[in-house]
Amino acid sequence: MLQAASAWFNSSQISQNYNIGTQSSPGISSQTPPGFTPVPTFSVGLWKVQSAVHKTNGKKVSVWTFDKKSVEMERLGQGAGRERVIEVLKEEASVLRKLRHPCVLEMAEPLEETRSELIFATEQLLSSLSLAIPMSDSKSSSAAVELDEIEIQKGILQLAKGLSFLHTSARLVHSNLTPDAVLINAAGDWKLGGLGLAIPLLGPDGNPTRWEFPTFDSRSPSYTQRSFDYIAPEYALDEQISISSDFYSLGCVIYAVHAKGLPPFRNRGNLGTMRSNVGRLEGGGGLRGMESWDQDLQSLVAGLITPKSFTRLSSQTLPSHSYFSSLAISTLNFLDRSNFASKTREEKIAFMKGLNSVLGRFSEGMKRRKILPSLLEEMKDPLLLSSILPNVFNIAANLDPDQFQMLVLPSLKPLFTVKDPPINMMVLLENLETIQTKTSKPVFRTEVLPLVYHALESDHATVQEKALSTIPGLCDTIDYAEVQGIMFPRVALVFTKTRILSVKVATLECFISMVKTLDQTSLTQKLVPLLSKIRTKEPAVMMACLSVQEAMGLKVDREAVATLVLPQLWTMSVGPLLNIEQFTRFMNVIKILGERIEREHSQYLRDSQRIEDRSASLANSTPNVGAGTVDFESLVGGATKSPAANSSTSTNGASTNGWEDDVWGSILGDNSPKPGSTPRTQSPAPNPKPLVTPRSSSALSSARTLGAKPVPASSFNSSAFSAPSTPSPLSPPPNPTRQTVPSTSSMFVTQSQSVSGAFGLAGGVMPALSPTTPSLRPSPAVTLQATQASKPNYDFVMAPVAPSTISSSSMPPPLSSTSSFGMMPTLQPSNLMSNPLMTPNSVSTPLGMSNILAPNKPSTPSWGQGTQKSKNNAWGDFDPLA
């Protein structure tokens, strides 16, 4: 608590209202202006100068702080020397608060005193002159300011004006003008400071101020004492208080600036040394170290550093010295605010036109800090803009993007919407590339591109042409959405409305640059119809349109070129105003585009034919069941057996490729016993006879046409067929009405396979079915015996069907034996639904086989005892390959 209270009493209003350096007070909102970079802290005597910004309004200042507990003050103790130092520092701030002049340091916040410090604020400063003086030939001691001869000349004149103000208006004698007492602000101007030892010419009673004997105490800070190296001899030796003494000190400052900080005389605080130096000066010894200086500079310094005050230059004679007669100094004097405001508009315009040729003589710092702000201030007059803007962009070319956006762009933005006079917009468009390079993409799109759009809406054709000439360069840098959604419609609007030939051609040139940015939809649906509306036959328009069509014809697809681009080119090519060269140009473009269409469309047709041939080859290479099959070994080896070899069978009806038969072909092709054939039966004998006997030639031909093959007896498991008197493991349950569901679905084909295999819906070709050995699990309804690993088991459970349900009359008629080889008749939907076999009510399907194409057991001939026919009807031998 005590520490917080102590901090409160030690804080000032300035520290609470400003962010000083990198300091930020918690709990108080701050608003730092964009681009604000704190100037490095520097010292002016006992003062520590820091850059600061106001937390509310963003005002930039420099805060001067004196620490009462510093090392220098601790060395003085609590005596009169300490009080003298504090008194001089307070007097300095007090005098500054009373004075207002462009060449005198301006105070922003008055002096505040706390227990530990003195603090006040002035205008923003960059450095003191003592820190800016070059200490070597290569660099200066302060990086914030670079001094050149024009900077020095300008600064000397400003100090002379400030001294003149002190002498005539404030009635003060500075009496301690040193490089520490000269401050350089953010604009590069030299300002008078260090007024803590200023002497009034008149006292409070109106009488001249009494002279004080100059003393120098080496224990006290030199900043609070008059320097014997810069003090005038008449004050130190003749006990005179004269305004001319300050010009002697000014001469010593000029000497120190050119002599790397060294004064003309080193008196070391001793009056005797000072007297001897003045005597040498009076004897004509002159000043040393000026041999290499310019003659005008030597003359100026010699005219200021004189032993007698009446021979010294004054505030009236100094500005007219030959040292200040350069064109650059005359330019700065003319541009000075107090002088430039009194000039007529014609004089201002003439000055601005000639300024561009003189800017090269100034340093970049001078142009940025001194000339540019003066130009931007004069841009308020629209009649001067056309003369001022070229100079502004000349200076802005050497600025970095941050400086441009902070210093120049805010003054330019109000001009982007001003259409009159048109010359102003012309100058801005001419320098659009500079603006684009100095701004970021978002800033350029939102704040600068409206300049181009307003120029396109201008009533002056020259402004429109200038705006259109900038668009091709912009299309390469701005994004697609801006070109597609904003720029293209505005250019198209100018294209449709203008009646001026040059503007029409300029819009077509813009379209050429936009072709590579726009998509094909915009080109074919927007640009092509726009070009088709051209009615003029002027060759310039026709040739520009040809260039657009050529660029577009190389980007859009061949169909658009053939149907949209080429018809327009043919129409324009026969224009009555074209010469032979222009017509030849049209023909060349038409040939190029025609060759492209021929090349690409031919390739397209070849690719299409190749795909069709490949599809037909794949369809023809599919194994035909009726013509024979290709075994796996021959397929892998690359050799295919002949159909004759594959179709040969043994005399007992066994085929070498008996597993590649179509299950559904035998069902749909032949469902009734043929004359002369022996019914299939289960034999109780240990060695069963062949279950399939040769059929008649017509039946065999019909069956083979459908893809069926005779199955040899060795293909079946003999243990699966038992005598009727012995109960089989596959016997149905006692209840004949109960349906038994097979325990595996691998014995059935899917719906799509059934349709394709049974009805020939896949091009009339029936793929062979590869035999598999299903893995069956025992179930309450079905118990299958293990079969040999290499032979399939066709025994599966079917739901019991009444004998009257399926009859030979309800089955489809057998296929004609004269059918074409490998082809099946197409089954029409109407026939499919009208067939009793295919109706849902005619067949009782097992669970999960509700499709109308689900297989059912065909009617079989009666054998055995009549009493067992209905009981074992669902468990008889079912050979789908028969």
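## Glu234 and helix α7

Glu234 counts as buried because its relative accessibility is 1%; buried means under 20% relative accessible area, exposed over 50% and partly exposed in between, with a 1.4 Å probe and protein chains only. Glu234 belongs to helix α7 (residues 233-236). Helices (H or I, at least four residues) and strands (E, at least two) are DSSP runs, numbered from the N terminus. With neighbours within four places in sequence left aside, Glu234 is in contact with Glu239, Gln240, Ser244, Ser245, Pro307, Ser309 and Arg312, where contact means heavy atoms within 4.5 Å.

## Basis of the model

This is a predicted model, in which local features need pLDDT of at least 70 and side-chain atom pairs count only at pLDDT 80 or more, while totals for chains, interfaces and linings use all residues. Residues are numbered from 1 along each chain as its sequence is written, and side-chain values use heavy atoms, with hydrogens and water left out.

Strand β6 (residues 117-123) is mostly covered, with seven of its seven residues buried. Strand β4 (residues 60-67) is joined to β6 by seven bridges, and the two run antiparallel; two strands pair if DSSP finds at least two bridges between them. Within this pairing, Phe66 stands opposite Leu118 in β6.

Strand β5 (residues 107-113) also runs antiparallel to β6, joined by four bridges. The bridge partner of Glu112 in β6 is Ile119. Three residues lie between β5 and β6, which form a hairpin.

Strand β7 (residues 125-128) pairs with β9 in the antiparallel sense over three bridges, and Ser128 stands opposite Leu183 in β9.

Strand β10 (residues 190-192) is joined to β9 by three bridges, again with an antiparallel run. Leu183 has Lys191 as its bridge partner in β10. The strands β9 and β10 form a hairpin with four residues between them, and Gly188 in the turn has a positive phi of about 85 degrees.

## Aromatic pairs and charges over rings

A pair of aromatic rings is described by the distance of the centres and the angle of the planes. A search of the whole structure finds twelve aromatic pairs; rings of Phe, Tyr and Trp (its six-membered ring) pair if their centres lie within 6.5 Å, and planes under 30 degrees apart count as stacked, over 60 as edge-to-face and the rest as tilted. One of them is the stacked pair of Phe334 and Phe351, at 4.5 Å centre to centre and 25 degrees between the planes. Phe334 lies in helix α11 (residues 327-335) and Phe351 in helix α13 (residues 345-355), so the pair ties together parts that are 17 residues apart in sequence. Both Phe334 and Phe351 are buried. Elsewhere, ring pairs link Trp47, Trp64, Phe66 and Phe120 into a cluster.

Two arginines lie over ring faces: Arg490 over Tyr453, at 4.6 Å from the ring centre, and Arg558 over Tyr604, at 4.7 Å from the ring centre. A charge sits over a ring if NZ of Lys or CZ of Arg is within 6 Å of the ring centre and within 35 degrees of the ring normal.

## Leu389 in helix α15

Leu389 is located in helix α15 (residues 385-396). Leu389 counts as buried because its relative accessibility is 0%. Not counting residues up to four places away in sequence, Leu389 touches Met379, Leu412, Leu415, Asn424, Val427 and Leu428.

## Helix α22

Helix α22 (residues 501-515) has 15 residues and, at 1.5 Å a residue, should span 21 Å; its end C-alpha atoms are 21 Å apart, which agrees. The expected span is 1.5 Å times one less than the number of residues.

Eleven of the 15 residues of α22 are buried, so the helix is largely enclosed by the rest of the structure. Among the buried residues are Lys504, Cys510, Phe511 and Met514. The buried residues of α22 pack against α20 (461-475), α21 (480-497), α23 (520-532) and α24 (539-553).

## Cysteines

The structure holds zero disulfides, a disulfide being a pair of cysteine sulfur atoms within 2.5 Å. Cys252 counts as buried at 0% relative accessibility, and Cys545 counts as buried at 0% relative accessibility.
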